[in-house]
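Please keep the structure at hand while reading.

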Amino acid sequence: MFHPCHCTFVPPHITDNLAKRAPDDARAAARATAIEAKSIRSRRAERWVSMDAMLSGSDDRSLGAALPAEGSGGREVWDSQQSWVQRVSLNRGEGDAATGDGDTDTVYDFAGDVRDFLSKDLSRNSIDNLGMKLILNVHYGVSYMNAFWDGDEMTFGDGDGSIFSGFARSLDVVAHELAHGVTQFTANLDYFSQSGALNEHFSDVFGTTVTQLANGESVDTADWLIGDEIMGPTLFGEALRSMRTPGTAYDNPLMGTDPQPAHMDDYFAGPEDNQGVHINSGIPNRAFYLAATDIGDIAQAGRIWYHGLQNLWPTASFSDAAEVLVNAARELVKTGEAPKGAPQIVRAAFRAVGVTI
Amino acid sequence: MRIHFEMSGGYGGLFAAEPLACFVDSDSLGEAEAAQLARLVHGGRFEDLESAAVAQGGDQRRRGAARDTMNYRLEVTDGGRTVEHRFDDVTMPAEVRPLVEQLKGIALRERPI
């Protein structure tokens, strides 16, 4: 495609193809960038440990918590102590005993659940497939009603206790944020417009997959809600998103009406929310719900989607994703990891939400 | 001094269609409240923050890789001059956070539940 206002030495279609076909190179580059970012952050953030101690994974008992070694996939739960700073105080390292702090111990367990899912169900060694440590910050800020991934770690607020409860206490929140890391080290989907909505979509896919498996739910008994567990007493019963019926998760004066579309006919084209990354994710979310319930097995559906994610690229569109996911289903049918008919189910699911394929 | 504050985004994609917002006119506040607001604005050096400095807040790689952060828009009009900045949880300069939290509280109180 000719871009009259943007000239590059290497044409975009070639760089896109490189991104599609060199996931290992991209992952290695992302890993190098993450290591660089960590060294930058170590000079900036307050720490109770020296950089040398962190890199060597030495067990500094004077801190009361052990630091996992690099490449071990180990967990570090840091307490921001209601400050707006990350990595203030290390509450619990990999293998340490429970601390008694609910958020610390819950997020530690949930991160382990997600790591186990990546390893056992997807044969993936942590976020970057190279044993990246899982660094989690709890008690961030004051009444902070959010959780986020920032490129090398996850951060959770306590909520205000009325509208939202603690974000570290929800498995689908932890899995969602951790999955942003997986996407970063695989497709690295650009965070705006359709590629950004896909980025959000894959995080919801893995959030709901991990939660359903952990809770022993079937695709028919699961509620397919995202964020219902963190609603506080003021909005109890509401949720943030519904994968089954996008647009119905909430309707109240505080939050307004759930704006998610369930079909391309209602695609959000405005500039807000990075051109709707949390809004238009409803469309592929509904497709995943349809595919997973038709396949009848959340683990198989999750594996198809993970396989597809590894073959996507930063600028992928909904149509691109649909095509890649159908191909992923075909490959997994060949290996026996998906049932016969799965490619047709995936194709039908995307057509049902109006995505061209 | 007049302040227009907006917040949206985060894990929940909150307030995407209608940002959580408040308009504050210090002329309508009590003396103590107006003084506190002025302290937060000037203490945050908001009016002196250059857009480039705000945009580069937080290391570059984290800024590009951040997902599900809250997004903020802040516009301050004082003495005939209007200054607007946009940032998120990663790019927000630390000195601006107290002002943001004050305005967020006002906006939430004004929003019906």
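Two residues are in contact if their C-beta atoms, placed from the backbone, lie within 7 Å. The model is predicted: local features need pLDDT of at least 70 and side-chain atom pairs count only at pLDDT 80 or more, while totals for chains, interfaces and linings use all residues. Residues are numbered from 1 along each chain as its sequence is written, and chains are lettered from A and ligands numbered from 1 in the order in which they are written.

**Between the domains of chain A**
- Chain A is divided into domain 1 (12-184) and domain 2 (193-352), with bounds that come from an automatic or database domain assignment.
- In chain A, 27 residues of domain 1 are in contact with 29 residues of domain 2.
- On the side of domain 1 of chain A that touches domain 2 of chain A, the largest share, eight residues, comes from α5(A); helices (H or I, at least four residues) are DSSP runs, numbered from the N terminus.

**Between chains A and B**
- The contact takes 32 residues from chain A and 27 residues from chain B.
- α5(A) gives the largest share of the side of chain A that touches chain B, five residues.

**Nonpolar core**
- A nonpolar core is a set of buried (20 or more other C-beta atoms within 10 Å of the residue's own) Ala, Val, Leu, Ile, Met, Phe, Trp, Tyr and Cys residues joined through C-beta atoms within 7 Å.
- The largest such core has 122 residues, and A:A291 is among those with the most contacts inside it.
- Helix α10 (residues 318-334) of chain A gives the largest share of this core, nine residues.
- Leaving aside neighbours within four places in sequence, A:A291 is in contact with A:A301, A:I345, A:V346 and A:A349.

Technical notes: Helix = DSSP H or I, 4+ residues; strand = E, 2+ residues; numbered from the N terminus. Buried ≥ 20, exposed ≤ 12 C-beta atoms within 10 Å, placed from the backbone.
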